[in-house]
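Subject: Structure handover

Hello,

Here is the structure I promised you. Please open it first, then read my notes below.

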Amino acid sequence: MTPTRPIALVRSLCLLAVAGAALSACGASNDDGDTANDSSADNAAATDSDFSRDQMRIVGSSTVYPFAAYVAEELGATTDFRTPVVESTGSGGGFKLFCAGLAEDTPDITNASRQMKPSELQMCQDNGVEDITQIIVGADGIVVGQKKENADLDLTREQLTLAVAAQVPEDGELVDNPYDRWNEINSSLPDREIMIYGPPTSSGTRDAFEELVMAHATENMDGYDEAYTTIRQDGQYVPSGENDNLIVQKLAQNDSAVGIFGYSFLEENRNKIKAATIGGVEPERALISSGEYPVSRSLFFYVKNDHIDKVPGVDEYVTLFLSDAMASDRGMLKSLGLVSLPPEELEAMRKHWDERERVTEQSLSKDG
């Protein structure tokens, strides 16, 4: 549900931002007050583009989707730009679409709930998409949720891994996962069927879960020689598409099930579901921001800079997204569950955008 917001205030902020961007782009007016040259410049700029499309297209992460869609609606409501089309394709699916090339039918921005992989950057570069800027918009926690009426549940990353892994250690070797109930993993856990609704392989949430939970746990568990991230396919783990709201709906109807999704969906559905603690730590905003919650991650989007002058509104959209009115701790996106960057980091990200800093393999390694 879209929360109530002071639209007049946001409209004023947005119009000021857009006006400032327009002045920067066009320069100061002529001393004699003649505006004809400005109009000519605008027409020339319009003809420089070989795109007929006048509406932004954004794809990618289902976790970032609610935030991106909110900003897109505000851009459309408070400026003369058309409301961008935002699609939830999953982080991996978004990168495939984004990296397909520079043609008019390719997306301008892709959202991601994990950082771009070097292989995805190479895919982009192979298709001529070389000028890309990475934006970190905030933080998120991966939540293990259940029906609100259920007894409280506390899990460790090791127990979660034993519930979802395709193979688990037994007598010094790996065997197909035999666990059907939580108390078979540890007697302290409830006598409940293991039924986990989680993200599909195309999802950045799944990538992050595999890294932050499974890889972290198995690096220190007897029986695994190296980090192990293969998820079972015997029915106990059910991939549930890119719409996390569907997972929430299933949990509300199933006493046994747990679901894996982003913190924002917990915030929006606290009347229906509650979260398990991980290692005794609640998924709370401050604990996610500090990294104390064990399954915390950054949220991203990636901009195709070659499209900035070809599709109206790209610069203004990013500027609006990073504004205090949207992304700060007092911004509109907080009510949707975004865990904001600290003020100094948000300001640094604005500078990063202003300078159009380009993604490289080295920068991915540094920022990852």
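Which residues does Ser91 touch, not counting those up to four places away in sequence? They are Gly60, Ser61, Asn111, Ala112, Ser113, Arg114, Ser202, Ser203 and Gly204. Keep in mind that this is a predicted model.

Some more on Ser91. It lies in helix H4, residues 91–98. Ser91 counts as buried because its relative accessibility is 0%, and the cut-off for buried is under 20%. Its side chain also reaches the backbone nitrogen of Ser113, at 3.0 Å.

Now the whole chain. There are 15 helices and 13 strands. The chain has 368 residues, and 51% of them count as buried.

Next, the cores. The largest nonpolar core has 52 residues. Leu160, Trp182, Ile185, Ile196, Phe209 and Phe261 have the most contacts inside it. Helix H8, residues 204–218, gives the most to this core, with six residues. Apart from this core lies another, of 49 residues, with Leu75, Leu121, Ile135 and Val137 among them.

Not counting residues up to four places away in sequence, the residues Trp182 touches include Leu155, Leu160, Ile196 and Val258. Gln159, Arg192 and Glu193 are also among them.

Helix H3 runs over residues 65–78. Its 14 residues should span 20 Å at 1.5 Å a residue, and the end C-alpha atoms are 20 Å apart, so the two agree. H3 is mostly covered, with 10 of its 14 residues buried. Among the buried ones are Phe67, Tyr70, Val71, Glu74 and Leu75.

Last, the cysteines. A search of the whole structure finds one disulfide. Cys99 and Cys124 form it, with their sulfur atoms 2.0 Å apart. The link is left-handed, with -65° about the S-S bond. It joins distant parts of the chain, 25 residues apart. Cys99 sits in the loop between H4 and strand S3 (109–112), while Cys124 is in helix H5 (residues 118–126). Both Cys99 and Cys124 are buried.

Best wishes

Key: Residues numbered from 1 in each chain as written. Predicted model: local features only at pLDDT ≥ 70, side-chain atom pairs only at ≥ 80, totals over all residues. Heavy atoms only, no water. Helix = DSSP H or I, 4+ residues; strand = E, 2+ residues; numbered from the N terminus. Buried < 20%, exposed > 50% of the residue type's maximum accessible area, 1.4 Å probe, protein only. Polar contact = N/O pair within 3.5 Å; in protein donor to acceptor, adjacent residues only side chain to side chain. Contact = heavy atoms within 4.5 Å. Core = buried A, V, L, I, M, F, W, Y, C linked by side-chain atoms within 4.5 Å. Expected span 1.5 Å × (residues − 1). Disulfide = S-S within 2.5 Å.
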